Amino acid sequence: MTRIRNFFGISGVALAAVACGDPAMQAGGPADAGPDPTRDGGSSSNEDAGHVCEPTSCQALGDVCGAQPDGCGGILNCRPCDCTADTFATDCPSAPCRVAIGCDAGRCRYEPVTCGDAVCTGPTRDDAVACGDGPCPVQYCDATPAMTEDGIEYANRCVASEDVRCGPCGLGSLACGPDGPICEGSLPLFGLDPNQVRCDGPPELLTFVFMDPTSTATPADGSKARPFETFEAARSAAIRRSARGVIVGGQPVLRIDTVDVIEGLSIYGGNLGWPQWAPASHVRPTFSIENSDDAQVVGFRAEGIELPTALVDLSIRARGTKEAETGENGQSSIALLAVESPGLILENTLLIASGSDGGDGTFGRDGPSTGAGPGVGVDGHRSTSRCRETIREHAGGAGGQAGACLFGPGQDGGAGGSVRASTRVYEDGDPAQGGAAGEPVALGGTLQVPAEDGAAHAEPRAAPGRDGLSDAAVWDDVRGILSIDAGHGRSGAHGLNGRAGGGGSGGFVGN
């Protein structure tokens with residue numbers, strides 16, 4: 001099971017503590033005193049990293065005095081240096097947060113450094129000495145040592161408390177806590193003995209390997225002062241040296257292939273990088289892993305991690321970049337794949353993954369019919385017979401029969417209108433009109449045969465009535481008068497009723 005932490009580890013471990021007591025003891029000691037365990041933080045071996053460093057001695061260095069490097073990142077306190085009242089400025093070696101002010105009986109005399117009006121005599125915190133009184137000093141004397149041809153030179157510069165580096169490899173920053181100064185943003189140590197952590201000395205013996213692509217220090221060797229410019233170079237050196245961690249400076253975007261987590265080799269971000277390496281938990285380097293094909297993308301892969309191995313203050317992003325082929329699904333992307341790794345620890349690390357596109361879906365089927373039937377015929381209209389009296393009525397013709405369709409029989413056309421017949425006909429009635437064809441209804445199909453009107457035909461008009469017979473003129477021989485009897489012609493026979501029109505045929509559609 002992978003352990004995930006959402007808080008910062010805090011450590012205030014001194015790596016190279018410096019003595020701030022008797023000035024005479026600061027400048028030297030017995031000629032064969034050898035390494036001072038209070039100065040180098042403990043054993044000079046780097047057993048966790050698989051290396052054992054044998055420190056040198058004052059006797060091996062020859063006629064030397066004062067503080068000298070032991071060759072393994074520690075400091076030797078060799079014999080006191082001789083001086084005279086005239087030469088003490090050059091004879092007396094550099095001392096942490098102390099300046100030489102004279103010579104007493106051939107021995108160098110020192111007094112504390114001052115920062116403004118504050119005298120730097122407080123407790124030492126990782127190569128820094130507090131200046132002034134109070135639980136949380138405002139200023140410190142930074143005693144950072146540097147190796148020179150003449151021995152060790154201490155910086156002895158005044159800095160604000162927040163600029164004082166603390167913790168392993170000076171990657172933390174001092175802050176004022178409830179009970180005094182605390183170290184914030186310190187490098188969390190997982191499975192490491194603080195006394196075995198080594199940040200100074202030969203690069204091959206360092207506990208951590210540094211990298212920052214913005215560094216211009218050459219030649220790059222992976223040290224804090226000369227970090228590698230690429231993650232690949234730093235990681236390869238860490239594996240080769242059996243180091244316990246790679247520290248990435250700043251927040252670069254590192255485009256790399258899948259990273260296999262090495263058991264015991266942690267990776268850290270969370271700092272501003274070279275050259276200050278100030279802590280900043282919000283600063284995360286981004287490891288971007290991308291594939292140009294449609295294969296699965298894995299960012300970091302951890303398998304069988306038993307020993308404590310941490311990923312701290314990182315952003316890991318995995319994504320596919322190519323669309324899947326037609327008909328195929330895209331592959332998933334995994335930022336961190338951990339298998340049976342109970343020793344894996346995540347702290348303030350962001351995991352981001354985005355899969356590639358899926359394949360195209362299949363075509364959808366045609367939607368079902370809405371259930372609407374074929375067109376419906378319109379009823380025929382009545383005849384407009386003009387008569388004064390109606391004694392009977394003839395019905396219109398039946399509606400036309402609809403054609404068949406795929407979903408069942410169609411609906412027949414409406415019946416034709418009825419015709420009224422009059423016993424006293426002055427004018428023949430107009431023929432009735434057949435019903436109109438139904439409108440076609442197309443529902444997802446194609447109209448096969450256009451709808452047609454029903455055939456509505458009226459019978460010919462009835463024959464006119466026969467003419468009445470004419471009366472003859474009569475000659476009255478008695479009176480000698482020719483008289484004409486205005487006889488009336490016989491009434492014509494009634495015209496026959498007009499025949500009703502046929503009904504319209506129903507419309508039909510093809511599916």
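Two strands are said to pair if DSSP finds at least two bridges between them. Strands themselves (E, at least two residues) and helices (H or I, at least four) are DSSP runs, numbered from the N terminus. The structure described here is a predicted model, in which local features need pLDDT of at least 70 and side-chain atom pairs count only at pLDDT 80 or more, while totals for chains, interfaces and linings use all residues. Residues are numbered from 1 along each chain as its sequence is written, and side-chain values use heavy atoms, with hydrogens and water left out.

Of the 511 residues in the protein, 40% are buried, where buried stands for under 20% relative accessible area, exposed for over 50%, and partly exposed for the range in between (1.4 Å probe, protein chains only). The accessible surface comes to about 27,300 Å², and carbon and sulfur atoms contribute 50% of that area; such areas come from the Shrake-Rupley method with a 1.4 Å probe, and for residues only the protein chains shown count as cover. Among contacts (heavy atoms within 4.5 Å) with a separation of 6 or more, 63% are between residues 24 or more positions apart.

Strand E9 (residues 139–142) and E12 run antiparallel and are joined by four bridges; Gln139 has Ala160 in E12 as its bridge partner.

The other open sheet also holds three strands, ordered E13-E14-E15 and paired in the antiparallel sense. Strands E13 (165–166) and E15 (180–184) each have a single partner strand, so one side of each lacks a neighbour in the sheet. Two bridges link E13 to strand E14 (residues 172–177) in an antiparallel pairing, and Arg165 faces Ser173 of E14.

Finally, a loop residue deserves a look. Thr230 sits in the loop between strand E16 (208–211) and helix H4 (231–241). Thr230 counts as partly exposed because its relative accessibility is 39%. Thr230 and Leu254 are separated by 24 residues in sequence and by 8.5 Å in space, C-alpha to C-alpha.
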